Amino acid sequence: MDKNGSLASEEIRAYGHALIRDMIANYPDLNGLRFDWPEYPPYLLDDCFVDFSGPARKAAGRLGFDFERMRQDCLAVYRKLHGGLRDSDLENWLAGDGGRFALAAFFRDHAGARDLLAFKARLVEELLTGFRKTMASAGGA
């Protein structure tokens, strides 16, 4: 259903900027553009674990994220969810708090997984900020 490209990819970003410039040049009366899915949509569980690509590694360093910690923690979570769960792991979700404390402890113990979410959010922010700047430089209001 989906094929995810890296939002850190310079080629993907350049393609988006070229499309924006082309749209504004050919449709000068446009008063807005909507970018569909400028994110990492999780259609399936495995989609939560994408983008440990070369461009992402480079961007993580530039943005101050520990790429290797994100990769290692996400691999541990992936393995846990794909055959490592036990009944005792699920009992916390039946607690009176609905598992909120278990979730907080989970992210404490797998800080790299939490960081991956923040890293992806930063990539989306950078992408959309860049798109907006390109719109303005191409004459779009």
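Q: Before we start, what do buried, exposed and partly exposed mean here?
A: Buried means under 20% relative accessible area, exposed means over 50%, and partly exposed is in between, with a 1.4 Å probe and protein chains only. This is a predicted model, in which local features need pLDDT of at least 70 and side-chain atom pairs count only at pLDDT 80 or more, while totals for chains, interfaces and linings use all residues. Residues are numbered from 1 along each chain as its sequence is written, and side-chain values use heavy atoms, with hydrogens and water left out.

Q: OK, how many aromatic pairs does the structure hold?
A: There are 5 aromatic pairs, where rings of Phe, Tyr and Trp (its six-membered ring) pair if their centres lie within 6.5 Å, and planes under 30 degrees apart count as stacked, over 60 as edge-to-face and the rest as tilted. One of them joins Phe35 and Phe131, which is tilted because the planes stand at 45°, with the centres 4.7 Å apart.

Q: And Phe35, buried or exposed or partly exposed?
A: Phe35 counts as partly exposed at 26% relative accessibility, whereas Phe131 counts as buried at 7%.

Q: What about Phe52 and Phe67, which kind of aromatic pair do they form?
A: Phe52 and Phe67 form an edge-to-face pair, with 5.7 Å from centre to centre and 70° between the planes. Phe52 is partly exposed, its relative accessible area being 27%, while Phe67 counts as buried at 6% relative accessibility.

Q: Changing topic, which charged end sits over the ring of Tyr40?
A: That of Lys120, 4.8 Å from the ring centre; the criterion is NZ of Lys or CZ of Arg within 6 Å of the ring centre and within 35 degrees of the ring normal.
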